[in-house]
Amino acid sequence: MYLNVHSYYSLRYGMLSVEALVERARGLGLTAMALTDINTTMGMVEFVKECRRFGIKPIAGVEFRQGDRLLYVGLARNNAGFRELNEMLTRHNVDGTPFPETAPPFGQVFVVYPFGSRKPASLRENEFGGVRLSEVPRLLSSEWRSHEERLVLMQPVTFADETAWYVHKNLRAVDHNILLSRLEAHQHAAGDELMLPPDRLRAAFALYPRLLKTTAWLEQECGIDFDFSTIKNRKTFTGNIADDRALLRKLAFDGMRYRYGLNHAEIRRRIENELQIIDSLGFSAYFLIAWDVVRYSMSRGFYHVGRGSGANSVVAYCLRITDVDPIELDLYFERFLNPKRTSPPDFDIDYSWKERDEVIDYIFKRYGNKHTALLGTISTFRGKSIYRELGKVHGLPKAEIDELANDPNRYYSLNHITRHIHDIAQHILDFPNQRSIHAGGILIAEEPITNYVALDLPPKGFLTTQWDMYVSEDLGFEKLDILSQRGIGHIQEAASIVLENRGVRIDVHDVKTFKQDEKVKDLLRRAETNGCFYIESPAMRGLLRKLRCDNYLTLVAASSIIRPGVAKSGMMREYIHRFHSPNGFKYIHPVMEQQLKETFGVMVYQEDVLKVCHHFGGLDLADADVLRRIMSGKKKKKGEFEAIVGKFFDNCRQRGYPDDVVREVWRQIESFAGYSFSKAHSASYAVESFQSLYLKAHYPLEFQVAVINNFGGFYHTWVYFNEARRQGGQLHLPCVNHSQYLTSIRGNVIYTGFVHVAGLEEQLAHRIVEERRRYGQYRDLHDFIDRVKPGIEQLVLLIRAGALSFTTQPKPGLLWEAHLYRKKSQQSDPQTLLFREEARRYQLPALEQQPLDDAYDELELLGFPVSMNHFDMLQTAFRGEIHAHDMLRHVGHTVRMLGKLVTTKYVRTVKGEIMQFGTFVDHSGELFDTVHFPPSLKQYPFQGAGIYLMLGKVVEEFGHPTLEVEKMARMPMKPDPRA
C-alpha cells in the first residue's frame with residue numbers, strides 16, 4: 001500500500017529517518033512497505049534492518065527524477081532487481097547522462113509511472129500507473145477506468161505533519177539556493193504526502209477493487225533481504241582458500257627471517273597462533289590483499305606506514321605491512337583480531353599525498369571496478385552550516401548571517417526571523433546533507449558492490465559507495481584504509497634529496513638503527529623536532545622536554561598522552577609527575593596497579609580503557625570494546641551505551657568499591673576514551689617520528705627542504721625556511737637560473753622554489769625551468785624575455801621577487817628595461833632569435849634600490865623576507881633582554897622578550913574565560929613558548945602576525961620554560977619605502 005516512501009536519505013527532501021518511518025508503519029499496522037528514495041539507495045541496508053526488527057516486509061525501490069520532475073518509480077522484485085536499480089543509478093552517476101524518459105526493459109523490476117504520464121496501451125508487462133489519494137477524482141473520467149488492473153495505489157510519504165512540510169520547503173529552497181518566497185510548487189512535495197491509516201486509503205479507493213488487488217499483488221511479489229552474518233569481502237586472493245592459507249604461511253615465515261632471523265621459537269609460536277586465528281575467521285585473503293598492495297607500492301619505490309590496530313599482528317609485521325614490532329611492545333594480536341570480535345578489523349596504510357592515488361588506481365585495476373569501491377561518507381546539517389543555509393533562504397543580510405552562524409546561541413536576542421530560523425534548524429539537525437568520500441576506506445568485494453548499493457563517481461575519479469563505513473560494517477565488509485599523509489611525503493623526499501645532494505642512500509625502514517642513534521636521542525631530549533612528524537607542535541615539544549624523552553618506548557607513550565582527553569582529565573600532568581617520581585604516588589585502587597603498572601596507573605592507550613573496564617568494572621571484553629568504540633565516536637545502537645554504563649556502575653557497587661573511587665575512575669575513562677590511541681597506533685606514529693628525527697639529525701638541510709616541499713607541517717612555511725637558515729643553510733631568493741618549481745638544495749645553498757611566489761603562474765614557472773634545462777642558463781634580462789616570453793605582469797613579479805638578480809642590475813633598472821624591451825621582443829619569432837643582434841642598451845639614470853625595499857617586496861610576494869632578518873625591519877634596535885636559550889637561567893625573573901609570532905592556541909578556563917598559548921621565534925630563530933592568562937589577554941590581546949615585545953615572568957615545569965606574559969605590544973616596522 002505504501003510503495004513510494006521517502007526517508008531523509010532523499011537529500012534535502014525527505015523529512016523522516018528510516019527508524020521513524022518504520023516505527024510509524026508498525027504503529028499503523030503495515031505488513032509491507034517500500035523505501036523509494038530519490039536517485040539513491042543509500043538507506044536500504046538500514047531500512048532492511050529496521051523492518052526486520054519490527055516484522056515488516058521491506059521492499060527496495062528508487063524514485064527516478066530528472067531535477068524536480070518525477071519520471072517513474074522502480075520496485076525491485078528481489079535482490080537481483082535491486083542490483084538492476086543500483087546499476088542504472090551507477091551508470092547515470094558515472095556517465096552523467098540523463099535518465100531515460102521511458103524506463104529500460106528491466107528483468108526483475110516493476111516500474112510505476114505517475115498517473116496520466118503514460119497511455120495504458122504503452123505499458124510493458126512489468127509497468128503500471130500509480131494513483132495518489134488526491135488523484136482519485138480524475139479516475140472517473142479517465143481512460144484508465146477500463147484498465148484498472150494496470151493501476152496501483154501510490155501514496156507518497158515525505159513528512160509527518162504540516163510543520164514538517166514547511167521545514168521540507170525550507171530544505172528545497174536550500175537545495176535550489178533560492179529564497180523561500182521564490183520556491184515554486186513543482187519544486188517541493190505536495191502537502192498531502194503523509195503516512196495515513198491504511199483503512200482511510202482503502203476507503204478512498206473502494207470503487208476500484210482491482211487497483212487495490214494489483215497493489216496487494218505487487219507488495220507480495222516484491223521483497224529484499226541481506227545476509228548480515230557473513231563477510232562480504234573477496235573470499236580468496238589466489239582463487240582457492242587452501243592456496244591462500246599456504247601462501248600466507250610461506251610469506252609469514254619468509255618475513256620472519258627478514259625481521260627476526262631463523263632461530264626464534266617464541267616468534268614461530270606467535271605466528272602459528274595468529275595464522276590459526278586468521279584462517280579460522282576467513283581473513284587470509286584480507287591479509288594477502290594488504291600484502292599485495294604493499295608489495296606493489298614498494299616495487300614502485302613508494303614509502304608507506306602501516307598503523308592502527310593492525311600493527312598488533314606479527315604476521316602483518318613479517319609481511320612488511322607495518323614497521324612496528326609487536327613483540328618489542330608486548331602488543332596483543334587479540335586487540336586486532338580475536339575469535340569473539342563481531343566487527344571486522346581494518347588495516348590503515350598511509351602513503352605520501354603524491355602517491356596515494358596511484359596506489360588506489362592499482363587496487364581498482366587489480367581487483368576490478370565491479371568489485372572495488374571507495375567508501376562514502378555522509379555529511380550532516382550541523383553547527384554553523386545550518387544557520388548559513390537557512391539564513392540565505394530567509395533573506396537575511398550577510399552580516400546578520402555571520403553573526404548568527406558565529407554564535408547561534410544568540411538567536412533569541414537578535415530578532416523574530418533568527419528565532420524562527422533557530423526553530424527550523426532544530427528539525428534538521430543531524431539530517432544527511434551531502435554525500436562525500438571517506439578519508440581512505442576501500443572495499444574489495446566477492447560479489448559486485450551494486451548488489452548492495454548504487455555508486456557515485458566523485459571528481460577524484462574512483463567509484464564510491466553511497467552509504468558509509470557503519471553500513472559497510474553492518475553488512476560484513478572489512479575496509480582497507482589507504483590514507484594520504486604529508487609526513488610520509490617529506491620522509492621519502494628527504495631520502496631522495498640526500499641521495500641527490502650527498503650521494504648517500506638511506507634505508508628509511510632501518511628503524512632499529514634509528515632508535516639507537518645518539519644524535520636522534522639528543523634531538524628528542526632537547527625537543528628539537530621542528531618538521532618531524534607528529535612531534536613538532538608546541539604542546540608535543542613541551543611534553544618531550546618535560547619527559548626528557550630519549551627513547552622509543554617513552555615516545556610511544558607520549559604520542560598517546562598528548563591527545564586532548566588525557567590533558568583535559570589532568571592525567572597528562574599526573575603521568576609526567578609519576579614518570580619522574582615512580583615511588584611518589586599511590587594507586588587509586590589495587591586493580592589499577594595490577595593492570596596499569598607500565599603506565600604508572602594512568603590510562604594511556606585504548607587497551608588500558610579495555611583493561612580497566614574489564615578488570616575493574618567487571619565488563620566482559622566484548623562489552624568493554626563496544627564501550628571503547630562508542631566513546632571513540634563510532635556509531636551506537638539506541639540505548640546500548642546507557643546499558644553498558646549502567647552495568648559498569650552496578651558491577652562496581654556489587655564489588656564494594658567506594659563511590660568516590662568509582663566516580664574518579666569513570667571520569668578518567670570518559671574524558672580519555674574518546675581521544676586515545678591504541679598502543680599499536682601510537683607505536684606506528686613513533687616509528688614515523690624516528691624516521692623524521694634520523695633525517696633531521698644527520699641531514700638537517702635536506703630534511704627541511706623536503707618538509708618545505710610537502711606543505712604539510714604544523715607551522716607556516718616561513719618557519720621551516722627559518723629552521724633551514726638556523727641549521728646553517730644559505731637561503732637564496734627564487735632565481736630563473738637556479739630555482740626549480742619547488743625549493744631545491746645544492747650543497748648547503750637553498751634556492752626558494754617558484755611555487756612560493758604569490759601570483760606567479762604555475763605554467764610559466766615550469767616553462768622557465770624546462771627552457772633552462774633544454775637550452776642552458778639565461779644570459780641576461782633580454783635573453784630571458786626572448787626565450788620565455790612572460791606577460792608583463794608576470795615579469796614584474798619575477799623581478800620584484802629577486803628572480804633576475806643574477807644580472808646584478810638594480811630592480812628599478814630591470815623594471816624600466818623590461819617595459820621597454822618586451823614590446824620589441826613580442827614582434828620577434830623563434831627563428832630570428834638564432835641570428836639576433838645584441839640588444840640595444842638603454843642609458844638609464846642612476847636608480848637606487850635599498851635593502852628595505854627588497855625586504856618589503858619579499859614580505860609581500862613570499863610571505864617572509866629572505867635577504868634581511870625580519871627583526872632588522874623593526875624601528876627599534878632592541879632585541880630583548882634575554883633570548884630563548886637563556887630562559888632556564890632566568891626562571892622566576894620578570895624579563896622583556898622580543899619574538900615573532902609563530903602560532904597561537906586558545907582554550908577556555910573552568911570559568912569559561914579565554915586564555916591563549918603562544919609560540920614565537922626570537923632574533924636568532926629559536927622557538928619559545930608563552931602563556932597568556934585571561935586578565936593579561938583582555939588588556940593586551942594578540943593583534944595578528946608580527947613581532948611582539950612581551951613583559952613577563954619565566955616559569956618552568958619539569959625543565960620546560962615558558963614566559964607568563966603580563967604585558968604585550970606588537971612592535972612597529974620601519975615605514976615601507978615603496979609607498
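Helices and strands here are runs assigned by DSSP, numbered from the N terminus. With that in hand, let's start. The model is a predicted one. How many helices and strands are in the protein? There are 40 helices and 21 strands.

Now the overall form. The radius of gyration is 33 Å. The globule rule gives 30 Å for 979 residues, and the two values are close, so the protein is as compact as a globular protein of that length. Along its principal axes, the C-alpha trace spans about 100 × 85 × 65 Å.

What about the inside and the surface? Of the 979 residues, 56% count as buried. The accessible surface comes to about 42,500 Å². Carbon and sulfur atoms account for 51% of that surface.

Next, contacts along the sequence. Take contacts between residues at least 6 apart in sequence. Of these, 69% join residues at least 24 apart.

On to the barrel. Five strands close into a barrel, in the order 17-18-19-21-20. The pairing is mixed. From one strand to the next, the twist averages 50°. Helix 22, residues 538–547, packs on the sheet. This helix touches strand 17, strand 18 (914–921), strand 19 (927–932), strand 20 and strand 21 (960–970). The direction of helix 22 makes about 145° with that of strand 21.

A quick reminder: strands of a sheet pair through backbone hydrogen bonds, either parallel or antiparallel. So in which sense do strand 17 and strand 20 pair, parallel or antiparallel? Strand 17 covers residues 894–908, strand 20 covers residues 947–957, and they pair in the antiparallel sense over seven bridges. Here is a pair to find on screen: Met897 has Met950 in strand 20 as its bridge partner.

Back to helix 22, which has a helix partner too. Two packed helices are described by the angle between their axes and the distance between the axes. The axes of helix 22 and helix 25 come within 10 Å and cross at roughly 25°. Angles under 35 degrees count as roughly parallel, so helix 22 and helix 25 are roughly parallel to each other. Which residues meet there? From helix 22, Leu543, Lys546 and Leu547. From helix 25, Met572, Tyr575, Ile576, Phe579 and His580.

One last residue. Arg578 is found in helix 25, residues 571–580. Is Arg578 buried or exposed? Its relative accessible area is 10%. Buried means under 20%, so Arg578 is buried. Leaving aside neighbours within four places in sequence, Arg578 is in contact with Phe585, Lys586, Phe600, Gly601 and Val602.

Notes
Residues are numbered from 1 along each chain as its sequence is written. This is a predicted model: local features need pLDDT of at least 70, side-chain atom pairs count only at pLDDT 80 or more; totals for chains, interfaces and linings use all residues. Side-chain values use heavy atoms; hydrogens and water are left out. Two strands pair if DSSP finds at least two bridges between them. Helices (H or I, at least four residues) and strands (E, at least two) are DSSP runs, numbered from the N terminus. Axes are lines fitted to C-alpha atoms, for helices over the stretch in contact, and angles run from 0 to 180 degrees between N-to-C directions. Contact means heavy atoms within 4.5 Å. The radius of gyration is taken over C-alpha atoms; the globule rule is 2.2 Å times the number of residues to the power 0.38. Buried means under 20% relative accessible area, exposed over 50%, partly exposed in between (1.4 Å probe, protein chains only). Accessible areas come from the Shrake-Rupley method with a 1.4 Å probe; for residues, only the protein chains shown count as cover. Angles under 35 degrees count as roughly parallel, over 145 as roughly antiparallel, 65 to 115 as roughly perpendicular and the rest as oblique.
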